[in-house]
Structure formats: structure tokens, C-alpha cells
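Open the model in a viewer and keep the selection panel at hand. The stops below follow one another, each with something to select.

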Amino acid sequence: MNYNVIYDGNCNLCVTLVQLLENLDRGQNFEYISMQDLEGLKEFEITAEDCEMGMILIDKNNPAKRWQGSDAAEEIGRILPAGEVFVAAYRAMPGMKWMGDRVYEQVRDNRYTLFGKRSTTYKSAYPVGCRSIDNCDNQDLKSGS
């Protein structure tokens, strides 16, 4: 399966986590679009207001299947190699899901204060639609150069 990740391209923490995911995944499972790309979000019928509730993960094979916020983070973790074991352990601990949701909400709502705001929006090396058109920016990043 392939997924689209909608993230805050102006948030230092969000961008750092997207870059980590890009390095781990190398475009195998995930393509990215920033919540600042309002024109691109129209394809998914997502508004800027929708994005304020946290990152969004969309199943490309079934676009109606979506996760948001901490659920999206957990699902991304589950998709990564060996990640399902860690996510299952996390979910099995009493109270962890509730606590994780509250921590996510606090970070989401205070991300710029806690981690800072970028002066320019980060554009992923693996943008949405890149794989299908094979005409992407940042080709040097993809080849590992």
C-alpha cells in the first residue's frame, strides 16, 4: 500500500519528523504534501482548517480511509518495518493511548512555541504524485547523493 502524509511544512518538529521518515522509507510507502499547499490539498478535499487537527495520513488505494493526529502517527509507525510490534505494545499498555493522544494535542497546539516556525515551507523530496509521474524535484536527494 502507498500513503499520502499531510504535514505542517512550517513547523520545525514536523519537518524534522518528515525528514526522518523520508530517510527511513525512501519513498517506498509514503509521499508528502504540506498543509500550506492549499491548491494541492483540494485534490483530497482537505482544507487548512482540517489540517489544524494534526497530520493526516491517507491510504492512496482507498482515499476514504484516513487517519489524523496521533492515530496517523501510530499508523505510520505500524507501517514501518518492525513498527507494528512497537505500536501494538504501546496500544496494549493501559492508559498509553489516552496519554499519547493528550501529548499529541499539546504538541500540536503549541508546536511553533515549543519548536519554532520555519521562515520557508519545507517541500519533501517525495511529493504527492511524484512516483506516478517520475518527474520530481530533488532527484539528487532521492538517489542518496
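At what angle do helix H4 and helix H6 pack, and how far apart are their axes? Before the answer, two notes on the source. This is a predicted model, in which local features need pLDDT of at least 70 and side-chain atom pairs count only at pLDDT 80 or more, while totals for chains, interfaces and linings use all residues. Residues are numbered from 1 along each chain as its sequence is written, and side-chain values use heavy atoms, with hydrogens and water left out.

**Stop 1: two helices**

Select residues 70–79 (H4) and 96–115 (H6): they pack at about 115°, and their axes are 9 Å apart. H4 is therefore roughly perpendicular to H6. Helices (H or I, at least four residues) and strands (E, at least two) are DSSP runs, numbered from the N terminus. Axes are lines fitted to C-alpha atoms, for helices over the stretch in contact, and angles run from 0 to 180 degrees between N-to-C directions. Angles under 35 degrees count as roughly parallel, over 145 as roughly antiparallel, 65 to 115 as roughly perpendicular and the rest as oblique.

Now show side chains at the contact (heavy atoms within 4.5 Å). On the H4 side are Ser70, Asp71 and Glu74, which meet Lys97, Gly100, Asp101 and Tyr104 of H6. By class, the residues of this contact are 1 nonpolar, 2 polar and 4 charged. Here Ala, Val, Leu, Ile, Met, Phe, Trp, Tyr, Cys and Pro count as nonpolar, Asp, Glu, Lys and Arg as charged, and the others, Gly among them, as polar.

**Stop 2: the sheet**

Switch to the strands. An open sheet of 4 strands has the order S2-S1-S3-S4, with mixed pairing; two strands pair if DSSP finds at least two bridges between them. S2 and S4 (66–68) are the edge strands, each with a single partner strand, so one side of each has no neighbour in the sheet. Neighbouring strands are turned by 20° against each other on average, direction ignored.

**Stop 3: S1 and S2**

Select residues 3–7 (S1), joined to S2 by 5 bridges; the two strands run parallel. In S2, Phe30 is the bridge partner of Tyr3, Glu31 that of Asn4 and Tyr32 that of Val5.

Is S1 enclosed or open? It is largely enclosed by the rest of the structure, because 5 of its 5 residues are buried (under 20% relative accessible area; exposed is over 50%, partly exposed in between; 1.4 Å probe, protein chains only). Tyr3, Val5 and Tyr7 point one way from S1, and Asn4 and Ile6 the other. In S2, Phe30, Tyr32 and Ser34 lie on one side and Glu31 and Ile33 on the other, all buried.

**Stop 4: two single residues**

Pick Glu31 in S2 (residues 30–34). Glu31 is buried at 2% relative accessible area, and its side chain makes a polar contact with the side chain of Lys60 at 3.0 Å. A polar contact is a pair of N or O atoms within 3.5 Å; within protein, one must be able to donate a hydrogen and the other to accept it, and residues adjacent in sequence count only if both atoms are side-chain atoms.

Finish on Ile58 in S3, which counts as buried at 1% relative accessibility. The C-alpha atoms of Ile58 and Val5 are separated by 6.6 Å, although the two are 53 residues apart along the chain. Leaving aside residues up to four places away in sequence, Ile58 touches several others, including Tyr3, Ile6, Phe44, Ile46 and Pro63.
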